[in-house]
Amino acid sequence: MNITRENIDTLNAVVKVDIAKEDYSDKVEKILSDYRKTANIPGFRKGHVPMGMVKKQYGKAVLVDEINKLLQEALNKYLVEEKLDVLGQPLPKPQDAIDWDSEEFSFEFELGLTPEFNVDLNFKKPITHYTIIADEKMINDQVERIQKQYGKLVSENEVEKESEITGSFKNEERDIDNKVTITLDKFKGKAAEKKFLGAKVGDVITLNTKGLYEDDHDLMHALKVSHDEVHGLNIDVTFTITEINKRELADLDQDLFDKLFGKGIVTTVTELKTKIKEDAEKQFLQQAEQKLLNDVTEFLVENTKFNLPVEFLQKWMQTAGEKPLDDMQAKDEYEKSEKSLRYQLIEGKLITDNNIQITLDDIKGHTKQMITAQMAQFGQMDPSDKELEDISARILSNKDEARRISEQLISQRLLQLYKEKANIKVKEVTYENFVKEVYGDK
């Protein structure tokens with residue numbers, strides 16, 4: 001067997017595989033001999049079928065099968081030995097009908113080669129890494145939410161601004177009849193609120209659904225209608241009040257602290273606020289780091305310039321999926337996936353250049369950490385090593401889960417790399433200002 005390569009350019013090559021009779025004849029003969037021993041052909045005893053008849057009946061199919069195996073093995077070995085980094089899979093070049101009666105065969109394959117490029121983390125303009133803090137207002141708001149959640153309901157005679165109002169929304173034509181508890185702060189504007197203030201049990205209030213709530217999801221919940229129904233809904237509904245309550249705030253005492261965090265863990269309001277701040281900022285840290293990862297990824301994709309073997313990749317995509325694609329479909333598919341492909345190549349380059357490695361022990365350790373954190377949420381603070389080992393083994397037996405965890409670890413290592421080597425500017429903000437800067441003032 002002889003394999004040669006012609007480089008068309010830096011991104012495309014053609015590999016030619018020449019196969020001679022001695023490359024396949026022994027294997028073909030052995031397979032046919034094995035067939036002869038087991039073949040059941042009328043008129044002949046088992047194992048006594050003439051070899052000529054076996055070759056005539058099975059010879060060509062066996063030859064084609066062996067040639068295909070040889071080609072696959074030879075190509076894979078060649079790519080490894082030559083250290084060729086290819087995109088997609090080798091594509092066989094079309095050729096005239098193969099003469100399977102010949103003793104020698106030649107096949108050509110197109111290759112799409114991975115481009116050579118460098119990844120520069122020393123960006124001219126720094127990328128912002130947010131440090132999100134829980135400010136005093138946020139902490140106090142959370143304390144009040146906790147007090148409301150654990151407070152008690154006290155019956156009222158008429159609706160006030162802070163009342164919790166239970167009743168039923170109705171519209172006979174739309175078959176709406178839903179009992180719900182509402183608060184006035186959810187309404188958009190002041191018109192609906194004014195209708196409720198001073199109302200008593202038994203009063204019926206008529207409202208129009210258009211612009212009633214700031215968020216359509218609140219209207220969906222109030223009327224118990226679907227997402228499709230709520231969009232643009234403009235009807236009159238009645239609300240019959242059946243109950244008016246005010247929630248008295250729970251005392252900030254040891255009984256409440258123990259309910260929230262366990263006996264004796266928090267003993268003062270100051271400690272409560274510190275715990276709220278710590279817990280909030282842990283969650284903010286994940287959000288800020290994901291934002292940094294996304295921003296660096298986007299920047300690298302937009303600013304790391306290299307060419308791709310576009311024509312080859314579009315041709316490969318025509319046959320790579322479950323269903324064949326025509327030229328236009330393959331072009332569309334390439335355009336959709338180009339950004340992802342570019343990032344995969346950039347990520348691979350960063351991993352190689354910075355010797356980032358993920359071992360099985362790393363994956364196991366990360367999995368156990370996740371399990372420990374999840375168990376702690378349910379009050380299991382000290383799981384045994386055997387428990388962790390058994391649960392992690394069960395999780396990692398799922399290939400999709402194992403791959404997902406491995407990708408998480410890669411992302412963590414890349415994030416650490418960006419913090420150490422990229423041009424990053426740290427900016428401390430409150431959560432409110434973070435939302436405004438990142439998502440706009442909505």
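Mentor: In this predicted model, 20 residues line the largest pocket, and those nearest its centre are Lys 282, Gln 283, Gln 286, Ala 373 and Gln 377. The volume of this pocket is about 840 Å³. Three helices, α8 (269–303), α11 (360–377) and α13 (399–421), each contribute at least two residues to the lining. Helix α8 provides the largest share, with 8 residues. By residue class, the lining of the largest pocket consists of 10 polar, 7 nonpolar and 3 charged residues.

Two of these lining helices, α11 and α13, also deserve attention as a pair. In general, two packed helices are described by the angle between their axes and the distance between the axes. For α11 and α13, the axes come within 10 Å and cross at roughly 95°. Because an angle of 65 to 115 degrees falls in the roughly perpendicular class, α11 is described as roughly perpendicular to α13. On the α11 side, the contact involves Asp 362, Ile 363, His 366, Thr 367 and Met 370. Their partners in α13 are Arg 404, Ile 405, Ser 406, Gln 408, Leu 409, Gln 412 and Arg 413. The residues of this contact comprise 5 polar, 4 nonpolar and 3 charged.

Strand β8 gives the largest share, 4 residues. The lining of the second largest pocket divides into 12 charged, 6 nonpolar and 4 polar residues.

Lys 69 lies in helix α2, which spans residues 51–81. Lys 69 counts as partly exposed because its relative accessibility is 41%, a value between the limits of 20% for buried and 50% for exposed. Along the chain, Lys 69 and Gly 348 are 279 residues apart, and their C-alpha atoms are separated by 30 Å.

To return to your request, the largest pocket has its largest lining share from α8, while α11 and α13 each supply at least two residues as well.

Definitions and conventions:
Residues are numbered from 1 along each chain as its sequence is written. This is a predicted model: local features need pLDDT of at least 70, side-chain atom pairs count only at pLDDT 80 or more; totals for chains, interfaces and linings use all residues. Side-chain values use heavy atoms; hydrogens and water are left out. On a 1 Å grid over the protein atoms alone, a cavity is a set of points where a 1.4 Å probe fits but cannot get out, and a pocket is an open set with protein on both sides within 12 Å along at least five of seven lines; lining residues have an atom within 4 Å of a point. Grid points are joined across faces, edges and corners, and a volume is the space filled by probe spheres set on the points. Ala, Val, Leu, Ile, Met, Phe, Trp, Tyr, Cys and Pro count as nonpolar, Asp, Glu, Lys and Arg as charged, and the others, Gly among them, as polar. Buried means under 20% relative accessible area, exposed over 50%, partly exposed in between (1.4 Å probe, protein chains only). Axes are lines fitted to C-alpha atoms, for helices over the stretch in contact, and angles run from 0 to 180 degrees between N-to-C directions. Angles under 35 degrees count as roughly parallel, over 145 as roughly antiparallel, 65 to 115 as roughly perpendicular and the rest as oblique. Contact means heavy atoms within 4.5 Å.
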